[in-house]
Amino acid sequence: MEKYTSTRDKDVEISAFDAIIKGFSDDGGLFVLPDLADHNINIDKVIDQSYQEIAFDVVKTLLPDFSDFQIANSIHEAYDDSFDDYEITPIKDVDNFSVLELFHGPTCAFKDVGLQLLPKLMQQCLPENKHVMVLAATSGDTGTAALAGFKDVNKMGAMVFYPQNGVSMVQQQQMLTTKGYNTKVAAINGNFDDAQTNVKKIFNNQSLKKKLGDDNSLSSANSINIGRLVPQIVYYFDAYKQMVKNGKINVGDEIIFTVPTGNFGDVLAGYYAKLLGLPVKKLVIECNSNKVLADFFKNGVYDRNRPFFKTIAPSMDIQISSNFERLLYYKSGENVDYVKSLMDDLEHDGKYEVLPEILESIKEDFICGYSDDDEIKASIKEVFEKYHYLMDPHTASGYRVTRETQAKYPDTPVVMLSTASPYKFVDAVADAIIGEHRESPIETSDLLVEKTGIEMPEQLRQIWHDEAVVPTKINPNEMEDLVVDTIKDVFENDKSNSARN
Ligand SMILES: *Cc1c(COP(=O)(O)O)cnc(C)c1O
């Protein structure tokens with residue numbers, strides 16, 4: 001059976017099962033499958049398959065440890081009932097480009113696609129009597145989708161830490177109304193980095209591991225987990241299928257995808273699709289004002305030493321795009337020593353510079369651009385007024401770049417990935433369209449529905465009818481104790497449940 005290895009140490013050999021449970025490698029690297037381009041997904045076959053059937057082939061190719069039965073079961077549980085569109089990720093035509101809507105899952109952001117399947121896969125990898133608690137520091141979307149995905153999944157649990165004043169009212173309400181017997185939400189007296197730093201500390205704390213015992217382990221729901229990345233490859237193939245079905249392209253024609261980017265998970269999944277044989281001409285990386293990647297494309301220097309901007313597309317407010325490390329691994333010819341030296345530079349100096357030939361090779365597959373907040377708002381307004389299509393700010397960060405790309409490649413169809421429902425980031429969307437928003441998100445949403453005639457997803461309306469739990473409020477240095485207590489509560493309970501069954 002093929003093994004995963006680490007981006008920083010080629011002596012690491014680990015099964016797909018263990019890679020999913022562990023999340024990331026002890027050397028700090030990410031788990032990768034060597035020689036990815038030797039694998040292939042048959043495009044002719046994809047054209048006649050359902051989303052679930054495509055997902056089956058992708059998972060089977062990249063996570064070879066799973067049996068057919070385990071894969072099929074996981075996929076049906078993840079997607080059959082939890083999305084509000086039977087296509088799962090439907091394509092809509094807007095003017096002369098198409099939009100791939102990735103926000104039809106339970107929390108209305110694209111992270112549902114990965115986080116509905118990850119828990120089901122993880123559950124299959126768990127040896128008997130083992131329990132896994134997933135920890136996530138979140139600026140909003142990841143936490144919400146992780147809670148929805150792990151809620152009430154046997155032998156597992158999820159703990160989410162969010163900065164007390166750092167998430168939107170909609171996101172907070174979503175987290176506090178997603179109640180599982182095995183989930184816990186904590187509001188941190190600090191910012192996102194405080195939460196993130198402490199989650200990392202907890203992962204690396206060896207004495208804590210001892211304290212939790214052999215039966216209980218910790219894992220990550222971040223997109224560095226390969227079990228979250230693999231499900232995202234599926235919608236690139238499914239989009240291609242829909243483009244063929246809609247008569248936009250013939251099988252074999254190249255297309256361009258534009259992708260709102262933060263941690264580089266979504267767009268990397270597109271690159272994996274290309275390596276697996278999908279005819280992709282270019283992948284367009286879209287940034288907001290935190291444009292570390294856009295600057296990298298100019299001179300090959302990745303430099304996070306710069307001011308941090310809080311933008312209206314907050315899920316892209318990231319200065320270290322963790323999954324970029326996986327791209328460097330493949331683009332350097334799987335040269336783990338080279339990748340490790342770059343990552344050491346990043347840790348010590350906050351920056352690194354790649355060799356010119358590596359930058360050139362990256363540019364063969366990728367283009368990068370960005371939009372600031374004013375441009376994002378202008379794009380939302382323009383696309384609504386001209387084409388009656390409503391974009392969220394993350395999606396809109398790519399509109400300007402999409403138009404530039406079309407001008408450069410007029411003969412290649414463009415698919416713009418849409419990562420969230422406009423009603424999830426309703427304040428910014430209302431500001432762009434109406435010029436104002438209200439104190440209450442539900443009032444703002446009603447205004448926007450009235451103005452645009454575009455319906456709000458039922459999932460987002462429902463949260464205001466559900467009873468919210470009171471979040472546990474803690475200081476960052478209390479996170480570890482909360483993890484220990486929660487694991488005890490949840491998994492002891494779990495054991496008595498299974499004894500009863
Ligand atoms: C997480 C997120 C992104 C960024 O995706 P990455 O995989 O981190 O690059 C973009 N838009 C929305 C709405 C998100 O939640």
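1. Ground rules. Residue numbers start from 1 along each chain as its sequence is written. Since you will care about cut-offs: in this predicted model local features need pLDDT of at least 70, side-chain atom pairs count only at pLDDT 80 or more, totals for chains, interfaces and linings use all residues, and side-chain values use heavy atoms, with hydrogens and water left out.

2. The sheet. Five strands form an open sheet with parallel pairing, in the order β9-β6-β7-β8-β16. Strands are DSSP runs of E with at least two residues, helices are runs of H or I with at least four, and both are numbered from the N terminus; two strands pair if DSSP finds at least two bridges between them. At the edges sit β9 (216-220) and β16 (472-474), each pairing on one side only.

3. A pair to look at. β7 (residues 156-163) and β8 (residues 183-188) run parallel over 6 bridges. Met 159 stands opposite Lys 184 in β8.

4. The helix on the sheet. α6 (residues 141-150) packs there, touching β6 (131-137), β7 and β8 (contact: heavy atoms within 4.5 Å). The direction of α6 makes about 160 degrees with that of β7.

5. Positive phi values. Most residues other than glycine have a negative phi. Lys 155, in the loop between α6 and β7, has phi near 70 degrees. Glu 334, between α13 (324-331) and α14 (336-349), has a positive phi of about 60 degrees.

Conventions. Axes fitted to C-alpha atoms, helices over the stretch in contact; angles between N-to-C directions.
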